[in-house]
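Here is a short tour to read with the structure open beside you.

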Amino acid sequence: MFRIFFTLIIIFSSVSAHPVIFKNGKVFWITQNPSFNDIRFGVSKTSNWLIGGRILQDRKTDETFALMNNNYLVKRWNNKNSQANIYLLSSVGLNTENSESIASTGIHGDWENRQFMVMEMLEYYSYNNAWVSNTRVAYSPFKVDYSKTSAWFIAHYRVEYHNDSYSYMFLPVIRLFKKNYLFELGSNGKNSFLSFMTHF
Amino acid sequence: MKKAIILFLLLSFGLSQSKVSIQDKEIEINENEAVMEVLGMVCSMCAFGIGEGFSKTDFIDKSKFSDGVSVDIDAQYVQLGLLESANINPEKIVQVIQDAGYDVSLLFILQNDKLTKFGTDKLGILQPIAFNLTSDRSN
């Protein structure tokens, strides 16, 4: 049960934004739902590589996990008014109570312009031998300037393959961002989350 | 008489101004400024890194624009205020944009009353493609 829950935590908190930011840029990211607290900090050592740490706390059991993230931008296509990316993702960590190890690896692809975004992320989790696919299609009805608040409506679809069975979930998400601050709220009645992220 | 004095003062201080075109938008460029077309700059959160990158350089005039940098995501350009005393290397400007994760396709620099246009060649390397454009004030 916990492993399913833990997989959900990783999925919800890893698909919210670009996995690598500007050179020497730092990212602080906090996510909370009724079940967990998740705090991340990362540094982009180059414009292609971000390394970071993450603390997860199960609010019900008080268990805490410490992880290291390693994100690599394999290829970026910068075009007039659009951008596309391919990233490789990995993370390793421990349960701070019993030293149980956890690890994941994945590939992330996205394309976006000022009003549309599509994203696909496929990840493998070694500790429960699970494959997870996350797909996002997003639309922003308004093109706004650098200093204004941008709003996005996101359809998030998730498929998990685990123990020879598939599970599916659809989640509508609202994303707001202004300059270097991003806020996301998602809910489908059964599952919900809240996320805040800043770059500096 | 007053107008004549103002005109004389402007000419005496050598203030120059020109217009450049990026994605069909005409942009006014003044002495000690740079304007560049930036590819892939699609959101404000992405563009934030550009301002951060230039804030750490030693050639930006922070009295202009917002700490020396103006970003227009619609027209996909960035405008910089440059210190008059700085020895401007166009490659340094492009490096800041690349470190933020983007590419420069066109760069204009107006200094010493000379407008120079740079473009990237087939290998993606920045090359000057037109010099001293200030006589006709166009690109």
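Which residues of helix 2 of chain B are buried? In this predicted model, they are Ser44(B), Met45(B), Cys46(B), Ala47(B), Phe48(B), Gly49(B), Ile50(B), Gly51(B), Glu52(B), Gly53(B) and Phe54(B). That is 11 of the 12 residues, and helix 2 of chain B is mostly covered. From its first C-alpha to its last, helix 2 of chain B reaches 17 Å, close to the 16 Å expected at 1.5 Å a residue.

**Where the chains meet**

The contact between the chains takes 25 residues from chain A and 21 residues from chain B. On the chain B side, helix 2 (44-55) and helix 3 (90-99) each supply at least two residues. Helix 2 of chain B gives the largest share of that side, 7 residues. Sorted by class, the side of chain B that touches chain A has 10 nonpolar, 7 polar and 4 charged residues.

Helix 3 of chain B has buried residues too, namely Ile93(B), Val94(B), Val96(B), Ile97(B) and Asp99(B). Just after helix 3 of chain B comes Gly101(B), with a positive phi of about 105°.

**The layout of chain B**

Let's step back to the whole chain. Chain B has 3 helices and 8 strands, and from the N terminus on they run α-β-β-β-α-β-β-α-β-β-β. Of the 139 residues in chain B, 42% are buried. Among contacts in chain B between residues at least 6 apart in sequence, 53% join residues at least 24 apart.

Strand 5 of chain B pairs with strand 3 (residues 33-39) of chain B, antiparallel, through 5 bridges. Here Glu37(B) stands opposite Tyr77(B). Strand 5 of chain B also pairs with strand 4 (residues 69-72) of chain B in the antiparallel sense, over 4 bridges, and Val71(B) stands opposite Val78(B). Strands 4 and 5 of chain B form a hairpin with 4 residues between them, and Gln76(B) in the turn has a positive phi of about 60°.

Why does Ser105(B) count as buried? Ser105(B) is buried because 20 other C-beta atoms lie within 10 Å, and 20 or more is the cut-off for a buried residue. Ser105(B) is in strand 6 (residues 103-111) of chain B. Not counting residues up to four places away in sequence, Ser105(B) touches Glu37(B), Leu39(B), Gly119(B) and Thr120(B). Ser105(B) and Glu37(B) are 68 residues apart in sequence, yet 5.7 Å apart in space, C-alpha to C-alpha.

The largest nonpolar core has 54 residues, and those that touch the most other members are Ala34(B), Val35(B), Met36(B), Val38(B), Ala47(B), Leu107(B) and Phe108(B). Leaving aside neighbours within four places in sequence, Val35(B) is in contact with Val20(B), Ile22(B), Ile27(B), Ile29(B), Tyr77(B), Gln79(B) and Phe108(B).

**Strands in chain A**

| Strands of chain A | Bridges |
|---|---|
| strand 10 (residues 165-178) and strand 11 (residues 181-187) | 6 bridges |
| strand 11 and strand 12 (residues 192-199) | 7 bridges |

Phe177(A) stands opposite Leu182(A) in strand 11 of chain A, while the bridge partner of Gly186(A) in strand 12 of chain A is Phe193(A). The hairpin of strands 10 and 11 of chain A has 2 residues between the strands, and Lys179(A) in the turn has a positive phi of about 50°. The hairpin of strands 11 and 12 of chain A has 4 residues between the strands, and Gly189(A) there takes a positive phi near 95°.

The model scores ipTM 0.81 and pTM 0.82. Chain B averages a pLDDT of 83, and 80% of the residues score at least 70. Among the elements of chain B, strand 5 (residues 77-81) has the highest mean pLDDT (96) and helix 1 (residues 2-12) the lowest (50). Over residues 7-14 of chain B the pLDDT is below 50, and this stretch has 2 contacts beyond near neighbours in sequence. Residues 135-139 of chain B also have a pLDDT below 50, with 9 contacts beyond near neighbours in sequence. Where pLDDT is low, the predicted coordinates should not be read in detail.

Note on methods:
Residues numbered from 1 in each chain as written. Chains lettered and ligands numbered in written order. Predicted model: local features only at pLDDT ≥ 70, side-chain atom pairs only at ≥ 80, totals over all residues. Contact = placed C-beta atoms within 7 Å. Nonpolar A, V, L, I, M, F, W, Y, C, P; charged D, E, K, R; others polar. Expected span 1.5 Å × (residues − 1). pLDDT = per-residue confidence, 0-100. Core = buried A, V, L, I, M, F, W, Y, C linked by C-beta atoms within 7 Å. Pairing = 2+ DSSP bridges.
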